[in-house]
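This briefing is intended for a reader who has the chain at hand and wishes to know how its parts pack together. Please consult the sequence and the model alongside the text.

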Amino acid sequence: MELFEKLKQKNLRGNLNFDEITAEDLRQLYIDEEMTDGMIADLFDVKKSKVTYRRRKLGITIRNAILEEYLLVNSDSAKEANIQAKNKILDKDNLNMISKAITHFTFRNGPVEDMHADPNSQLSEADMKTLNKFMVNRLAYVFTLIIEERWLEFDFLIRSTDQFYGHGWDEVEPDDGRTRELLELMMKER
């Protein structure tokens with residue numbers, strides 16, 4: 001039995017209060033079960049505007065549901081779009097762009113830029129150029145392995161480097177640099 005039907009039964013017993021509905025239940029009714037604000041309002045015996053206000057305040061909109069579906073890849077069409085994006089970006093012709101963008105994202109646009117910009121910095125322009133070139137070239141190699149699906153070589157690179165150098169560091173904490181937030185904003189503006 002879907003939530004709407006369960007709530008109808010609860011309403012018959014007089015145990016239904018719109019102010020007590022959870023965001024998850026409201027989302028299920030509106031998005032998953034495709035109930036209109038009017039249908040929900042009738043069920044709870046409240047004004048339609050009250051349902052609309054609360055739903056929008058909680059961010060429960062068709063647009064947000066579609067956005068979540070695609071960013072979280074929760075449907076067949078979202079999976080297809082994700083595969084198309086992967087195939088489009090993971091192309092050897094994009095190696096230069098990928099390597100430079102990831103260098104900026106992971107290295108240059110972080111603490112090293114602050115260190116370099118500091119008036120007392122010991123990192124000269126030549127040092128930065130050397131570091132940037134090293135990073136771009138190494139990332140180009142890593143992305144070549146990924147693009148060409150050379151997984152044995154990629155596995156060897158990762159495991160041997162971790163074994164000799166990296167496993168003593170702190171555990172990783174994925175940091176998207178606000179990428180998800182910016183993507184959501186961009187998609188909402190469309």
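The points below treat the cores, the aromatic pairs, selected helices and the pockets in turn.

This is a predicted model, in which local features need pLDDT of at least 70, side-chain atom pairs count only at pLDDT 80 or more, and totals for chains, interfaces and linings use all residues. Residues are numbered from 1 along each chain as its sequence is written, and side-chain values use heavy atoms, with hydrogens and water left out. Helices are DSSP runs (H or I, at least four residues), numbered from the N terminus.

**Nonpolar cores**

- A nonpolar core is a set of buried Ala, Val, Leu, Ile, Met, Phe, Trp, Tyr and Cys residues joined through side-chain atoms within 4.5 Å; buried means under 20% relative accessible area, exposed over 50%, and partly exposed in between (1.4 Å probe, protein chains only).
- The largest nonpolar core comprises 18 residues, and those with the most contacts inside it are Leu7, Phe18, Leu29, Ile40 and Phe44.
- At least two residues of this core come from each of helix H1 (3–12), helix H2 (23–32) and helix H3 (37–44).
- A second, separate core has seven residues, including Ile98, Ala140, Phe143 and Ile147.
- Not counting residues up to four places away in sequence, Leu7 touches Leu16, Leu29, Leu43 and Phe44, where contact means heavy atoms within 4.5 Å.

**Aromatic pairs**

- Rings of Phe, Tyr and Trp (its six-membered ring) pair if their centres lie within 6.5 Å; planes under 30 degrees apart count as stacked, over 60 as edge-to-face and the rest as tilted.
- Under this rule there are two aromatic pairs.
- The Phe18 and Phe44 rings form an edge-to-face pair, because their centres are 5.3 Å apart and their planes stand at 70 degrees.
- Phe18 lies in the loop between H1 and H2 and Phe44 in helix H3, so this pair ties together parts that are 26 residues apart in sequence.
- Both Phe18 and Phe44 are buried.
- The Trp151 and Phe154 rings are also edge-to-face, because their centres are 5.8 Å apart and their planes stand at 85 degrees.
- Trp151 and Phe154 are separated by about one helical turn, because they are three residues apart in helix H10.
- Trp151 has 43% relative accessibility and therefore counts as partly exposed; Phe154, at 21%, likewise counts as partly exposed.

- In helix H4 (residues 48–57), Val51, Thr52, Arg54 and Arg55 are buried, and what covers the buried residues of H4 includes H2 and H3.
- Asn64 belongs to helix H5 (residues 62–71) and counts as buried because its relative accessibility is 17%.
- Leaving aside neighbours within four places in sequence, Asn64 is in contact with Gly59 and Lys188.
- The buried residues of H7 are Leu95, Ile98, Ser99, Thr103, Phe107 and Arg108; their cover includes H6, helix H8 (111–117) and H9.
- Val142 is found in helix H9 and, apart from neighbours within four places in sequence, is in contact with Phe154 and Leu157.
- Val142 and Phe154 are twelve residues apart in sequence and 7.3 Å apart in space, C-alpha to C-alpha.

**Pockets**

- On a 1 Å grid over the protein atoms alone, a pocket is an open set of points where a 1.4 Å probe fits, with protein on both sides within 12 Å along at least five of seven lines; lining residues have an atom within 4 Å of a point.
- The largest pocket has a volume of about 1100 Å³, a volume being the space filled by probe spheres set on the points, which are joined across faces, edges and corners.
- Of the 23 residues lining the largest pocket, Ile158, Thr161, Gly166, Trp169 and Val172 are the closest to its centre.
- Helix H7 (95–108), helix H9 (125–147) and helix H10 (151–166) each supply at least two residues of that lining, and H10 gives the most, with seven residues.
- The lining of the largest pocket has 13 nonpolar, four polar and six charged residues; Ala, Val, Leu, Ile, Met, Phe, Trp, Tyr, Cys and Pro count as nonpolar, Asp, Glu, Lys and Arg as charged, and the others, Gly among them, as polar.
- The second largest pocket has a volume of about 340 Å³, and its lining consists of Tyr70, Leu71, Val73, Ala78, Ala81, Asn82, Ala85 and Leu183.
- H5 and helix H6 (76–89) each supply at least two residues of the lining of the second largest pocket, with H6 giving the most, four residues.
- By class, the lining of the second largest pocket has seven nonpolar, one polar and no charged residues.
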